[in-house]
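Reader: Please show me the chain. I would like to go through its fold, its spaces and a few single residues.

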Amino acid sequence: MSELSEELVLLGKVSGTHGIRGELRVTCYSGEYDTLMGLRTLFLRGAQGDLLEVEPISAKIHRGKAIVRLKNFASINEVEHLVGRDLVVGRSQLPPLDDDTYYWHDLIGLRVFTEDGTELGKLADIFETGSSDIYVVRSGGREYLIPAVEDFVKEIDLTSGIMKISPPEGLLDL
């Protein structure tokens, strides 16, 4: 078991095995498979929080999932116990982003307001579509789906934990 002093960032989950040579099928939560493919080490976190440090030796995309082969794991029998573990990395391993670009894990939990100050709730989830990401904002029993495009998302302030949006008429149905 390995210990890390820096913040761990959840990138995905081991969703199954692939073939008989010890490859893992990984669901990436951000949809950005390039980040996963560029890592030299990563951690697999178990349900009790235990960390297993592993070294990927290859990664490829197959049917919308990442297929990852790990050093020192050569058969399906050696990796079956890893299914269900979260794939996490230290924040310092993530590549820097361009201005006005954010990692999903930094956005989840932001309080979302309209430009006139109406609080809609918290950003609870993000999912990818063909053209743009969709922000899922929840408050109580209400859920709003906000396209993650510049026309609607006007400000993101990670320091204050706030996102301001300007939705088109009828999108929110307040």
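Author: A contact here means heavy atoms within 4.5 Å. This is a predicted model, in which local features need pLDDT of at least 70 and side-chain atom pairs count only at pLDDT 80 or more, while totals for chains, interfaces and linings use all residues. Residues are numbered from 1 along each chain as its sequence is written, and side-chain values use heavy atoms, with hydrogens and water left out.

Reader: Among contacts between residues at least 6 apart in sequence, what share joins residues at least 24 apart?

Author: The chain has three helices and 13 strands, where helices (H or I, at least four residues) and strands (E, at least two) are DSSP runs numbered from the N terminus. Of the contacts between residues at least 6 apart in sequence, the share that joins residues at least 24 apart is 51%.

Reader: What percentage of the 174 residues counts as buried?

Author: Buried means under 20% relative accessible area, exposed over 50%, and partly exposed in between, with a 1.4 Å probe and protein chains only. The C-alpha atoms fill a box of roughly 55 × 35 × 30 Å along the principal axes. By that cut-off, the buried part of the 174 residues is 37%.

Reader: Which residues lie closest to the centre of the largest pocket?

Author: On a 1 Å grid over the protein atoms alone, a pocket is an open set of points with protein on both sides within 12 Å along at least five of seven lines, a cavity is a set where a 1.4 Å probe fits but cannot get out, and lining residues have an atom within 4 Å of a point. Grid points are joined across faces, edges and corners, and a volume is the space filled by probe spheres set on the points. The largest pocket has a volume of about 830 Å³. Of its 30 lining residues, the closest to the centre are Y102, Y103, W104, L107 and Y135.

Reader: Is L87 buried or exposed?

Author: L87 is found in strand β7, residues 86-90. Leaving aside residues up to four places away in sequence, L87 touches V9, L10, L11, G12, K13, V26, L36, L42, F43 and L44. Because its relative accessibility is 2%, L87 counts as buried.

Reader: And E23, buried or exposed?

Author: E23 lies in strand β2, residues 23-28. Beyond residues up to four places away in sequence, E23 touches T17, H18, K60, I67, V68, R69 and V79. With a relative accessible area of 8%, E23 is buried.

Reader: What is the phi of N72?

Author: N72 is found in the loop between β6 (65-70) and α2 (76-79), and is exposed with a relative accessible area of 69%. Most residues other than glycine have a negative phi. N72 is not a glycine, yet its phi is positive, at about 75 degrees.

Reader: How far apart are the C-alpha atoms of Q48 and R63?

Author: Q48 sits in the loop between β3 and β4 (51-54) and is exposed, at a relative accessible area of 75%. Q48 and R63 are 15 residues apart along the chain, and the separation of their C-alpha atoms is 30 Å.
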